[in-house]
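Here are a few exercises on helix packing and backbone angles. Grab a viewer and try each one before reading its solution.

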Amino acid sequence: MNKTKNGLTVITTHMNADFDAVGSMLAAQKLYPDAIVVFPGFHEKSSRHFFIDAMAYLFNMVDAKSINDSEIKRLVIVDTKQASRIGDLSRLLDRSNVEIHVFDHHPALKNDIKPDYEISRLTGANVTLLTEIIREQNLEILPDEATIMCLGIFEDTGSFTFPSTTPEDFSAAGYLVSKGANLTTIANLITKEMDPDQIALLNDLIHSAVHHFINGVDVVISSVSCEEYIHDLAFLVQKFLKIENLNAIITIAQMKNKIYLAARSRIPEVDVGAIVTELGGGGHSFAAAATIKDKTLVQTEQKLLEIMRKKVKSKQRARDIMSSPPITAAPEISCAQARNRLSRYNINALMVVKENNGGNSLQGYITRPVIEKALYHKLDDITISEYMTTEFAVVEPNADIFEIQEKIIENNQRVLPVMENDALLGVITRTDLLNILFQESHEKLLQPQDPLKETFHPRTKKIVGFMKERLPDRLYQMLVHIGQVAEEIGYNAYVVGGFVRDLFLYRHNEDLDIVIEGNGIEFAKEFARRSNARINAYAKFGTAVIIFPDGFKIDVASARMEYYKFPAALPTVEMSSIKLDLFRRDFTINTLAVFLNQSKFGKLIDFFGGQRDIKEKAIRILHNLSFVEDPTRVFRAIRFEQRFGFTIGKLTSGLIENAVRMDFFKRLSGRRVFSELCQILKEDTPLPALSRLNDYNLLKVIDPTIQFNQTMIARLNAARKVISWFDLLYTEEGYMRWAIYFLILLRHVDENTSTRICQRFELGPKYQKIFVKERLAAEECIGRLHRDLPSTNSELYRRLADFQIELVLYMMAITDHETIKKMISHYVTELRGVRLSVGGKDLKALGVPPSPIYGKILNAVYEAKLDEKIKTREEEIALLKEYAARY
């Protein structure tokens, strides 16, 4: 299993890998020791993620981009058989010269990969299959390896509580423990505590849950939308299942630009694996998941319901709803006798049976309309065998509602016999079926409505005159055109958020955010067609960007009507979806919207007191749990307060202090915290916002060792002056202004602490290099400049040339030595731009054969030019000849 002739073996798994997938890749590496591992990405962004990072040394891991496809001769896939789930490596599946090996524990599907070698069996965890092989081959396993593999078994079996758990899972886990698997580590990683984002998401899931009675089975569907990705949706769904004691639940969550679906079932009637497979995902009958592209929440939910009507097996079987014993008649009785029997039992059909060897054999059935017609035609004495229906469908007692419905409707039968071993057990009539279907609809209608979803009347006023006064004519006419197009295609259009806020703050803002009550992408296409523009559509997120020929852009989004489900009878139906969209925003000042349709153009809509707070120059949240749900809103509150010269409201300030005291920020992902910190550092003058962070004791979120003292303030001010100076040079050179301020914050932090901060913020290698190694090198360079000033331009250039512009400006900001400042300024404005007019071609023309000597010669000429010993091309050529002759 180890080698393949003259080729490379690659091990991979599905995207959004869990511990079972990670453990399976590690186990496969034991079976294919010469293989390389292509890691598709771990789904967790918590301590669990850092654990996998810490264990990375166990994997022979490479970046997929660094592999030459032609060298690959074998692809080993673990924990999936679906081509759509292995990402870019699926391109290898069609290559005839690549062997495909699969190790998977999922049920077989029609579109599974067809491998050359396969180990596939239904177990609780995929690691179990591979552990058995390792055990058979008596391969050595390190304790750390055993821990990761055992962790996969614990996670995928729910610590051996899921119904999919098999005896083999217990055996494999016991074997791995005997090899040193650390149960304490496993317990710490398996035990999950919800962070504030997860608590908020779980709350949304519970409140947006809708019970659907499908084929007599109660299935809960919950659809939510989140601005940021919140990890471990499957864990929240499992928790929801337990809290509400549900039999089956399917959640649809739109996060950023993707839709994630997670499903759990406790009953055999709802096979969530089969349901989710239809949506491109996969899993088991009791647990499944999918990532859905190019569909909105509404489309996904509609498709899901369509699939469920076909896939959910009714709890009510034919034996549960049939009438038994059936009322029968012999084929020899007359039509008149049959009518009397129908009347006596108040039924509409008779099953016609014939005695046969001591039993009854079903011959057919006859209905009341047929009997009535026979009697009308004076056929009273004719036997019913002459007019009975003899071609009919039957069902077995275990048939579900879907099969019963299909056979009654497709065969146009008034009555459906229930048969077992050729014996008639009972009958199901059309009326029986209609009663079942009516009961499902009636139960759905009787679901209790949420008393909190009440009629809400927004504050409104016309601001057409104000808009004409404040907006450039082109922008105003564009808003008019947007409203016209929306109305013509039957949608409502609003301009929302920061654009409306800045309109009242008299701040220039041409960033148009349009919300459409309807299909935002369809609107964008039609508007672009009429405006000679083009669009970039993001179907999976329901958004689009309209791009005009001159580069002007309009962002369009569909109002998220599906996020909360308001009762349909609300008198403010036209406002309900825009209200729900606005309620998702962070502060009241960002919740203003202007109606753009012709009928109500220029109507300002204010559900949450945004106008009042703009007038009072106050930053206020929408509800008291806002910072609990999303602590990063604290950073935005401070940023907006300083940008607009507002004041954070008293209640909001108290809630910020409470959030700090309760340390909600501790559980935030570092990436989210860093994103908000970056936004602050990108402000024109970030110092006041940083000072406010310090007032609320929030700089500790970066690191407790950072001291916001007078020295720090002086350096931040110096950085602002350096940045302003550099901007005034109009070099049009792109650079990261925020990075200079962040370097200042790290000024007196040692290497280990800097590394810890970068890891906490999940910064990539590029940024870690800047903020740790290169920052320390820059500080050392400044120290050397203080001790020994360069005597020539070329020496100054050599000392600074290896640093990117952010670090050069950082050095300029942290030195108080005026001479050094002037030298760095000279380097930035003059020396960096010096270029030679000669090159390798000139050396070649002089007869110098290509070799590393080219670099030495050209560098010597370049230094001469830096030191102004030569100025013209002729002087460069002359010096080039001189050096060429020497060498």
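**Exercise 1.** Work out how helix 27 (residues 710–727) and helix 28 (residues 737–745) are oriented relative to each other.

*Solution.* Keep in mind that this is a predicted model. Start with the axes: they lie 10 Å apart, and the packing angle is about 160°. Angles over 145 degrees count as roughly antiparallel, so helix 27 is roughly antiparallel to helix 28. Now for the handedness: helix 27 and helix 28 make a right-handed crossing.

**Exercise 2.** Find the residues through which helix 27 and helix 28 meet, then sort them by class.

*Solution.* First, take the helix 27 side: M712, R715, L716, A719, R720, I723 and D727. Next, take their partners in helix 28, namely R737, I740, Y741, I744 and L745. Finally, sort by class: the contact between helix 27 and helix 28 has eight nonpolar and four charged residues, with no polar ones.

**Exercise 3.** Locate F160 and say what stands out about its phi.

*Solution.* Look in the loop that links helix 4 (143–156) and helix 5 (167–178), and there is F160. Then check the backbone: phi of F160 is near 70°, which is positive although the residue isn't glycine.

**Exercise 4.** Do likewise for N245, then decide: is N245 buried or exposed?

*Solution.* Begin with the place: N245 sits in the loop between helix 8 (233–243) and strand 9 (248–255). Phi of N245 is near 50°, again a positive value in a non-glycine residue. As for accessibility, the cut-off for exposed is over 50%; N245 has a relative accessibility of 61%, so it counts as exposed.

How values were computed:
Residues numbered from 1 in each chain as written. Predicted model: local features only at pLDDT ≥ 70, side-chain atom pairs only at ≥ 80, totals over all residues. Heavy atoms only, no water. Axes fitted to C-alpha atoms, helices over the stretch in contact; angles between N-to-C directions. Helix = DSSP H or I, 4+ residues; strand = E, 2+ residues; numbered from the N terminus. Parallel < 35°, antiparallel > 145°, perpendicular 65-115°, else oblique. Left-handed = near helix turned anticlockwise from the far one by under 90°. Contact = heavy atoms within 4.5 Å. Nonpolar A, V, L, I, M, F, W, Y, C, P; charged D, E, K, R; others polar. Buried < 20%, exposed > 50% of the residue type's maximum accessible area, 1.4 Å probe, protein only.
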